[in-house]
Amino acid sequence: MAAAAVALSNGSGGDSKAEFAEIYSRLKEEMLEDPAFEFTDESLQWIDRMLDYNVLGGKCNRGLSVIDSYKTLKGVDVLRKEETFLACTLGWCIEWLQAYFLVLDDIMDNSQTRRGQPCWFRVPQVGLIAVNDGIILRNHISRILQRHFRGKPYYVDLIDLFNEVEFKTASGQLLDLITTHEGEKDLTKYNLNVHRRIVQYKTAYYSFYLPVACALLLSGENLDNFGDVKNILVEMGTYFQVQFFYRMII
């Protein structure tokens with residue numbers, strides 16, 4: 001738990017962050033003890049280090065938003081132990097998804113650093129093994145959901161939700177990559193409409209919609225009844241990304 005606690009030590013919401021950090025340690029241990037594969041000592045050490053390096057280190061705003069949204073939907077300040085565990089687990093699934101996206105994104109962009117340290121693929125002896133690590137990160141999400149939610153009535157909805165959001169994000173990434181590469185020769189291909197699609201699909205769905213959608217499913221709601229909520233959250237995500245690009249420019 002020490003690595004997670006240190007990574008989440010800064011900022012507000014201390015109680016939620018402490019609970020969140022504790023759940024990370026449990027989920028990581030479950031992944032390291034997964035009976036589906038006969039791990040060697042070396043592979044266990046690799047995955048242990050890879051998870052701490054890539055899943056931790058961010059602000060965990062996406063993951064923590066699941067807990068806050070669930071509390072708001074239930075109208076309570078404190079969740080029961082089981083409710084806390086399920087909300088934190090879904091929050092960490094989003095953080096795992098974020099790590100998966102970033103590991104591969106850094107390779108595609110040939111980036112140097114991420115969160116103040118070398119990108120994972122630039123760590124000595126990692127290199128393009130990071131591609132497989134990204135695949136492992138994505139598969140961990142499915143393993144976690146299966147282990148803790150398979151008996152829930154909304155399990156299939158959770159699977160569909162994560163698959164849909166991943167598809168939208170990957171499609172936004174594709175648009176970003178091909179537009180940027182071609183845009184080096186013809187900047188007219190990189191216009192405001194294209195930019196909006198990129199930020200909407202690459203960031204808004206998994207950063208803003210996914211946490212709230214997870215909380216809605218935990219609350220027993222049907223996501224089809226919350227189309228307006230989805231639209232508003234996507235707009236918020238688009239605005240957030242526009243601000244991010246603006247700060248980078250100035």
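Patches are made of residues with over 30% relative accessible area and no salt bridge, nonpolar side chains being joined within 5 Å. In this predicted model, L128, V131 and I135 form such a patch on the surface, and the patch is nonpolar. Together the three residues have about 270 Å² of accessible area. L128 sits in the loop between β2 (117–118) and α6. Its relative accessible area is 64%. L128 is therefore exposed, since the cut-off for that class is over 50%.

The average pLDDT is 89, and 88% of the residues score at least 70. Among the elements of the chain, helix α6 (residues 129–149) has the highest mean pLDDT, at 98. Helix α1 (residues 2–7) has the lowest, at 53. Over residues 9–13 the pLDDT falls below 50. This stretch has three contacts in the model beyond near neighbours in sequence. Where pLDDT is low, the predicted coordinates should not be read in detail.

The relative accessible area of E221 is 35%. E221 is therefore partly exposed, as this value falls between the 20% and 50% cut-offs. Leaving aside neighbours within four places in sequence, E221 is in contact with L216 and F226. Y154 lies 67 residues from E221 along the chain. The C-alpha atoms of E221 and Y154 are separated by 8.9 Å.

Definitions and conventions. Residues numbered from 1 in each chain as written. Predicted model: local features only at pLDDT ≥ 70, side-chain atom pairs only at ≥ 80, totals over all residues. Heavy atoms only, no water. pLDDT = per-residue confidence, 0-100. Helix = DSSP H or I, 4+ residues; strand = E, 2+ residues; numbered from the N terminus. Contact = heavy atoms within 4.5 Å. Patch = residues over 30% accessible without salt bridge, like charges linked within 9 Å, V, L, I, M, F, W, Y side chains within 5 Å. Areas by Shrake-Rupley, 256 points an atom, 1.4 Å probe, with all protein chains shown as cover. Salt bridge = Lys/Arg side-chain N within 4 Å of Asp/Glu carboxyl O. Buried < 20%, exposed > 50% of the residue type's maximum accessible area, 1.4 Å probe, protein only.
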